[in-house]
Amino acid sequence: MSESHEHQVIPAKTYFNVLLTLLVLTILTVVAAQFDFGAANTIIALFIATIKAAFVFAVFMNLRNDSKLHWMCLGSAVFFLLLLYGLAAIDIITRVEHVNTL
Amino acid sequence: MSTDSKVVNTHKHAHHFKDGQHEFQSSMLGVWLFLATEILMFGGLIVAYIIYNSMYPEVFAEGAKFLDWRLGATNTIVLLLSSWTMVMGVRSAQTNNNKLCVKYLLATIVFGAIFMGIKYYEYTHKFHLGLYPGELFSFTGGEASNLALYFSFYFCLTGMHGLHVIIGILLIIWVLLRAKKNEFNSEYYTPVEGVGLFWHLVDVIWIYLFPMLYLI
């Protein structure tokens, strides 16, 4: 069988560089958590986590040169998750506190 | 890296596929669809965590004090290393180097076991204090009256993740045994790649859980 030329092998150096990047970003997360940025704490931590996740998805899970279908699997999952979060957050924020008069 | 010239492809693609490539792509789409359901399941828990965190920030701040970020950070590094050994294992299979593939898979299992060992240490310490999930919660020294809420989330999120690590380790043992029998080569390494994708997703979930639980 010679039709599998599409299985391209990624250089080991690329994987190693991504590992180093992920380790550096982990240290950055820990360092950033030592300072208090107020409400931005959560945003900063989740932002760094998303960069790390993007590296894992793109290189380790090979989404960079993969089929678009795999992108759509990930994208639709994330989309519906954001929808769930958005609608749930709107519900919580817009609730009016009721005082029972009975 | 030396390439083993003795490796021959013994795998025959199933009859309903056009060829090996077609089979590989179909399998990977199946794995990705499964991963999408995994993201939705963990995502639902994480959304609940974020909502409750915004409603009771003082409860979550107090609960997080019982967690040692050094253990969480160590576990993050362990899982990142395991993701790297996993991807190198897949690469070894792609380059017909079964011996190296077995070694990398073994290293991945060891890192997974170290992760679970640290988790076990953390859990037993919390149980010792009475910090159990749900109604078993018997810790009385807390300031917040509903501190149990935090630990229900903690055990639910880390427990579900830990279960995935255990399943991942079992799956890697399965592909390791097959790699030992020289079943994989540059033409056929679908199971290694599929298990690898699952393992990386478990890593990604921990990448989010670590700052959420231990740092914020």
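Mentor: A helix here is a DSSP run of H or I of at least four residues, a strand is a run of E of at least two, and both are numbered from the N terminus. On that basis chain B has six helices and zero strands, and its order along the sequence is α-α-α-α-α-α. The model is a predicted one, and every value below is computed from it.

Along the principal axes, the C-alpha atoms of chain B occupy a box of roughly 65 × 30 × 25 Å. Of its 216 residues, 53% are buried. If one takes the contacts in chain B between residues at least 6 apart in sequence, 79% of them join residues at least 24 apart. Chain A, for its part, is divided into domain 1 (1–65) and domain 2 (67–96), and the C-alpha centres of these two domains lie 22 Å apart.

From H1(A) the contact is made by A:Ala12, A:Tyr15, A:Phe16, A:Leu19, A:Leu22, A:Leu23, A:Thr26 and A:Val30. H3(B) contributes B:Trp69, B:Ala73, B:Thr76, B:Ile77, B:Leu80, B:Leu81, B:Trp84, B:Val87, B:Met88 and B:Arg91. By class, this contact of H1(A) with H3(B) comprises 15 nonpolar, two polar and one charged residues.

The second pair is helix H2 (residues 40–60) of chain A with helix H6 (residues 190–215) of chain B; their axes come within 9 Å and also cross at roughly 170°. H2(A) is thus roughly antiparallel to H6(B). On the H2(A) side one finds A:Ala45, A:Leu46, A:Ala49, A:Thr50, A:Lys52, A:Ala53, A:Val56, A:Phe57 and A:Phe60. They meet B:His200, B:Leu201, B:Asp203, B:Val204, B:Ile207, B:Tyr208, B:Pro211 and B:Met212 of H6(B). The residues of the contact of H2(A) with H6(B) divide into 13 nonpolar, two polar and two charged.

A:Val30 is placed in helix H1 of chain A and, at 10% relative accessibility, counts as buried. Apart from neighbours within four places in sequence, A:Val30 is in contact with B:Trp69, B:Ala73, B:Phe210 and B:Leu215.

B:Leu215, which belongs to helix H6 of chain B, counts as buried at 16% relative accessibility. With residues up to four places away in sequence not counted, B:Leu215 touches A:Thr29, A:Val30, A:Ala33, B:Trp69 and B:Phe210. The C-alpha atoms of B:Leu215 and B:Gly72 are separated by 9.1 Å, although the two residues are 143 apart along the chain.

In soluble globular proteins, nonpolar side chains tend to be buried together. The largest nonpolar core here has 85 residues, and those with the most contacts inside it are A:Phe57, B:Trp32, B:Leu105, B:Tyr150, B:Phe151, B:Tyr154 and B:Leu213. H6(B) supplies the largest share of this core, 17 residues. The core also draws at least three residues from each of domain 1 (1–65) and domain 2 (67–96) of chain A. One of the residues with the most contacts in the core, B:Phe151, is in contact with B:Gly63, B:Phe66, B:Leu67, B:Lys126, B:Leu131, B:Tyr132, B:Pro133 and B:Phe137, its neighbours within four places in sequence left aside.

Finally, a buried residue within chain B deserves mention. B:His161 is located in helix H5 (residues 147–180) of chain B and counts as buried at 0% relative accessibility. Sequence neighbours within four places aside, its contacts are B:Phe42, B:Leu79, B:Phe115, B:Val202, B:Ile205, B:Trp206 and B:Leu209.

Key:
Residues are numbered from 1 along each chain as its sequence is written. Chains are lettered from A and ligands numbered from 1 in the order in which they are written. This is a predicted model: local features need pLDDT of at least 70, side-chain atom pairs count only at pLDDT 80 or more; totals for chains, interfaces and linings use all residues. Side-chain values use heavy atoms; hydrogens and water are left out. Contact means heavy atoms within 4.5 Å. Ala, Val, Leu, Ile, Met, Phe, Trp, Tyr, Cys and Pro count as nonpolar, Asp, Glu, Lys and Arg as charged, and the others, Gly among them, as polar. Axes are lines fitted to C-alpha atoms, for helices over the stretch in contact, and angles run from 0 to 180 degrees between N-to-C directions. Angles under 35 degrees count as roughly parallel, over 145 as roughly antiparallel, 65 to 115 as roughly perpendicular and the rest as oblique. A nonpolar core is a set of buried Ala, Val, Leu, Ile, Met, Phe, Trp, Tyr and Cys residues joined through side-chain atoms within 4.5 Å. Buried means under 20% relative accessible area, exposed over 50%, partly exposed in between (1.4 Å probe, protein chains only). Domain bounds come from an automatic or database domain assignment.
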